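Please find below a note on the model under review. It takes up the interface between the chains and then the aromatic pairs.

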Amino acid sequence: MHAIEDLVLVGMSQRTAPVAVREQYAVSEEDARALLQQLSQGGLVEEGVVLSTCNRTEILASTTDGTQGAAALRGALFRNVEERHIYSFRGVEAIMHLFRVASGLDSLVLGETEILGQLKRSLEAGVTGRQLTPLYEQAITVGKRVRRETSIGEGSLSVARVGLEVAARAIGRFEQRRAVVVGAGETGMLVARNLASASIGSLCLMNRTPARSAEAALDLGGGVESAGLERLPEEFEAADLAVVCVDGAEPLVNAADLNRKALAKRDQPLVVLDLSVPRAVSPEVAGLDGVIVYDLDALLPVVEEHRAGRAAAAEEVTPILIGEVHKFLSLRTFAAFTPAIEELKTGFAEEREQLLDRITSGQATARELELAHAMERQLLHLALSQLKESARQTQSTAALERAYLRFVDGLPGDAG
Amino acid sequence: MNHELIQALAVALPSLYLFLGVLYGMSFAGDREPPIQRARRALMLSTFALHACLFIVLGDASGGFPRLDVWLSFSAVCLVMVALFSLVTLRQPQPTVAAIVFIAAFLLQLTSGMFGPLRALTERGPSSVTTVMHVLTVVLASAAVMLSGLYGFLYLLLFRQMRRQTFGALFRQLPDLRQLARMTRLSALTGFLGLLLGVNVGIGMAHSRGVEGFGYTDSFVLSMFAICFHFGLIAFSKRIPGITASRASWAAVGGLTLLLGALVASALVPEASFHSLD
């Protein structure tokens with residue numbers, strides 16, 4: 001069994017790095033696969049999963065050497081990044097962090113549910129085996145349990161909803177307004193659904209692929225327009241609210257692409273929400289007359305307000321998390337002992353047969369057979385009890401609780 | 001008796017308006033606001049009634065419609081501004097804006113009592129319908145212009161907060177930008193119509209009295225029409241390309257400053273007032 005300390009996690013999130021830094025290290029699914037293949041061929045990393053969302057990029061790996069493994073992961077994913085933007089955990093702390101992420105405790109919006117889908121996809125794209133597959137499966141189970149049994153998921157917000165709440169301060173009632181959503185991916189569709197349920201006056205969905213935006217508009221129901229990106233300047237001119245949620249290395253919306261004069265003449269400002277990482281709206285756009293831009297970092301104070309209101313819900317999660325970490329560690333230890341237990345049983349049975357043959361020359365009586373089996377059972381029971389006791393002593397719940405509270409205290413930002 | 005009552009009201013009214021400003025200011029606390037809505041509404045109605053009483057007493061002393069000097073005009077504008085605000089926000093209360101309006105009312109009422117003795121003028125007040133209409137429309141217009149300026153100021157504050165991406169109490173508790181812009185323009189429209197009517201009635205009165213040299217080309221008259229035109233532009237700015245809500249708000253704040261300046265100037269330099277031609 002690998003030592004637990006060979007489990008290594010290295011990453012950056014909205015707690016440790018602003019969006020301007022995070023966007024440089026976002027990793028697509030394809031790049032993640034290629035990176036993990038490369039790392040696993042090196043011999044140091046046996047299994048690995050990369051999680052890259054709008055708020056974090058992190059890699060969890062099972063390595064042959066924890067210290068060297070952490071350095072290798074950092075070099076592979078976060079070269080030239082300042083130390084203060086990176087966090088690194090090993091062993092039990094890595095597990096605690098993963099379970100917190102799955103529970104939504106480490107999310108920008110406390111208790112949000114998008115992270116579970118992101119974890120599933122990252123597991124599918126990862127290089128996993130006996131170490132990480134059960135770990136991620138249990139993390140996802142923990143995430144579902146926490147949301148089912150505590151109030152952390154109640155009235156669950158998403159960054160999209162927080163953004164729309166902010167936009168409403170400028171555009172007022174949604175019924176009489178026009179919105180354009182750029183990007184028909186998961187976040188874009190979530191925004192579009194939120195707008196539709198807020199009875200937005202008119203909505204246009206835009207995507208790089210017009211066919212995809214048409215299909216997505218149909219999914220949303222009647223009355224939703226669709227367009228390709230070539231119509232972006234006209235749509236921005238006509239809209240009261242523009243929400244941009246796309247993937248891409250370069251900004252999609254630049255000041256040069258927009259009609260500055262038309263925007264400056266607008267009676268009310270255009271509100272632009274940039275929910276992309278890397279940012280898809282160039283910073284110059286915020287300086288244009290008649291435009292107000294909010295990116296993810298700008299929305300952080302509003303999100304923190306909601307977080308403060310959910311502090312009590314976060315406390316409900318702690319005992320569940322500690323229990324689940326303990327369960328995982330115990331199961332892991334038992335799983336490691338299973339081959340040893342099977343070997344013990346086989347070995348004891350063989351020894352019993354050999355001993356009986358030697359003593360009775362193959363002519364054992366029923367009484368002698370019964371005695372031999374009884375002794376085998378007693379000795380096996382003693383040996384297994386010793387093994388189980390050592391597994392239980394891996395870590396007691398009380399010790400885990402202390403370790404968890406120390407871990408949370410040491411996290412950067414308000415860890416909730 | 002009248003004199004004592006007037007003095008008592010002169011002292012009480014600014015304090016009451018200030019207290020109302022503080023009570024309505026608690027609405028900036030959002031969910032943490034104490035449950036005082038009924039009490040402050042009752043206080044508001046009482047203050048309004050007391051202020052109206054002041055003018056009833058003044059009218060009684062003047063033998064009918066109260067005769068207003070510049071300082072009493074400040075008080076009249078204060079009363080009408082509060083009444084107008086309460087009327088337009090009857091269906092959709094705006095407690096945070098009310099706090100600002102009541103602080104402005106406090107300042108107007110304090111100026112009225114501090115710089116000019118609040119006293120019943122013994123001269124007879126206006127008796128003709130045209131004169132009363134002139135006074136009422138100009139006071140209404142001035143109150144509307146005050147409101148327009150206040151709403152414009154709040155629009156600019158909120159807009160600035162949004163551009164700077166800050167989320168303080170103003171961001172959370174003020175009406176949204178569109179509502180503020182709408183109220184700026186609506187108040188400006190009331191001011192524009194009031195001024196248009198009031199100035200024309202005043203000119204009509206001057207002609208009927210045979211005041212020499214008084215006509216539409218007179219510099220006083222032209223300056224009043226310029227102010228009227230200024231607020232007309234604000235009122236209809238949504239239909240005028242290039243005058244954004246932001247620019248209209250700046251214009252409203254500028255207009256408010258002009259109005260206050262004109263009122264103060266006419267008090268300090270009586271020769272500058274229309275009524276010096278009487």
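The points below concern a predicted model.

1. Extent of the interface. Chain B contributes 22 residues to the contact and chain A contributes 27 residues. The area buried between the two chains is about 2,000 Å², with carbon and sulfur atoms giving 50% of it. On the side of chain B, Arg163(B), Phe167(B) and Arg178(B) lose the most area to chain A, together 37% of what that side buries.

2. The rule finds two salt bridges between chain B and chain A. In one salt bridge, the side chain of Asp267(A) meets that of Arg185(B), at 2.5 Å from N to O.

3. Composition of the chain B side. The elements that give two or more residues to the side touching chain A are α5 (129-163), α6 (169-173) and α7 (177-208) of chain B. The largest share, five residues, comes from α5(B). By class, this side has 13 nonpolar, three polar and six charged residues.

4. Aromatic pair in chain A. Phe89(A) and Phe407(A) pair edge-to-face, at 5.0 Å centre to centre and 70° between the planes. Phe89(A) lies in strand β4 and Phe407(A) in helix α15 of chain A, 318 residues apart. Both residues are buried. Together with Tyr87(A), Phe89(A) and Phe407(A) form one aromatic cluster.

5. Aromatic pair in chain B. Trp71(B) and Phe74(B) are stacked, at 5.6 Å centre to centre and 20° between the planes. Because they are three residues apart in helix α3 of chain B, about one helical turn separates Trp71(B) and Phe74(B). Trp71(B) and Phe74(B) are buried.

Conventions:
Residues numbered from 1 in each chain as written. Chains lettered and ligands numbered in written order. Predicted model: local features only at pLDDT ≥ 70, side-chain atom pairs only at ≥ 80, totals over all residues. Heavy atoms only, no water. Contact = heavy atoms within 4.5 Å. Buried area = accessible area lost by both parts, 1.4 Å probe. Salt bridge = Lys/Arg side-chain N within 4 Å of Asp/Glu carboxyl O. Helix = DSSP H or I, 4+ residues; strand = E, 2+ residues; numbered from the N terminus. Nonpolar A, V, L, I, M, F, W, Y, C, P; charged D, E, K, R; others polar. Phe/Tyr/Trp six-rings, centres within 6.5 Å; stacked < 30°, edge-to-face > 60°. Buried < 20%, exposed > 50% of the residue type's maximum accessible area, 1.4 Å probe, protein only.
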